[in-house]
Amino acid sequence: MADSSPARPLWDAYFMDITLQVARRSTCERARVGALIVKDKRILTTGYNGAPAGLPHCDESGHLMIGGHCVRTLHAEQNAIIQAALHGVSVAGGTMYVTHQPCLTCAKMIINAGIRKVIYAGHYPDENAVAFLSQAGVELERYPFPADETTPADQTDVISLE
Ligand SMILES: [Zn+2]
Ligand SMILES: [Zn+2]
């Protein structure tokens, strides 16, 4: 029997697709980053990079550049962890899906939040972050984008850092 419907996505593809959608909410176009914390196949929290609540965003007030980085925003990973704190949700033992490899500050927060695995889509050059995660025993895995329908190609444009 012919079945023309797209393949049902595997869990990693399902969560990474949602992470890419979350990234679209980012308010700093220097890098649109999304993060998702998952445990037992349930989404606990989401985060994207943007200014703290109630403060003007980069797309309204411009970037706040220090040392070549925009420092106006909280990173997506930080916002996902903060959402957990805000709502009293334990992310210990969870997995984080993120559009970009975490920076060192985010890596340290991921370690202390008890997150055990990070699956990222696009590279971000931070060797210290990789070393810290490794030393803390946090698994770091690059998501292998399938060349099929499970990840719409028009979503990969948020992954601009390579
Ligand atoms: Zn910015
Ligand atoms: Zn970061």
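Predicted model: local features only at pLDDT ≥ 70, side-chain atom pairs only at ≥ 80, totals over all residues.
Helix axes here are lines fitted to C-alpha atoms over the stretch in contact, with angles taken between N-to-C directions.

1. Start with α4 against α5. Helix α4 covers residues 104-112 and helix α5 covers residues 127-135; their axes sit 8 Å apart, at an angle of about 15°. Angles under 35 degrees count as roughly parallel, and α4 and α5 are therefore roughly parallel to each other. As for handedness, α4 passes α5 in a right-handed crossing. On the α4 side, the contact is made by Leu104, Ala107, Lys108 and Ile111; α5 brings Asn128, Ala129, Phe132 and Leu133. The tally for this contact is 6 nonpolar residues, 1 polar and 1 charged.

2. Now the other neighbour, α3. The axes of α3 and α4 come within 9 Å and cross at roughly 25°. That makes this pair roughly parallel as well, α3 to α4. The crossing of α3 and α4, though, is left-handed, whereas α4 passes α5 in a right-handed one. From α3, the residues in the contact are Glu77, Gln78 and Ile81, and they meet Cys106, Met109 and Ile110 of α4. By type, the contact of α3 with α4 comes to 4 nonpolar, 1 polar and 1 charged.

3. Which residues of α4 are buried? They are Cys106, Ala107 and Ile110. Looking down the axis of α4, these buried residues fall within an arc of 105°, so they line one face of the helix.

4. Finally, the wider setting. The protein chain has 5 helices and 7 strands, and along the sequence they run α-β-β-α-β-β-α-β-α-β-α-β. The chain is 162 residues long, and 34% of them count as buried. On contact range: taking contacts between residues at least 6 apart in sequence, 56% join residues at least 24 apart.

How values were computed. Residues numbered from 1 in each chain as written. Chains lettered and ligands numbered in written order. Axes fitted to C-alpha atoms, helices over the stretch in contact; angles between N-to-C directions. Helix = DSSP H or I, 4+ residues; strand = E, 2+ residues; numbered from the N terminus. Parallel < 35°, antiparallel > 145°, perpendicular 65-115°, else oblique. Left-handed = near helix turned anticlockwise from the far one by under 90°. Contact = placed C-beta atoms within 7 Å. Nonpolar A, V, L, I, M, F, W, Y, C, P; charged D, E, K, R; others polar. Buried ≥ 20, exposed ≤ 12 C-beta atoms within 10 Å, placed from the backbone. Arc of directions from axis to C-beta.
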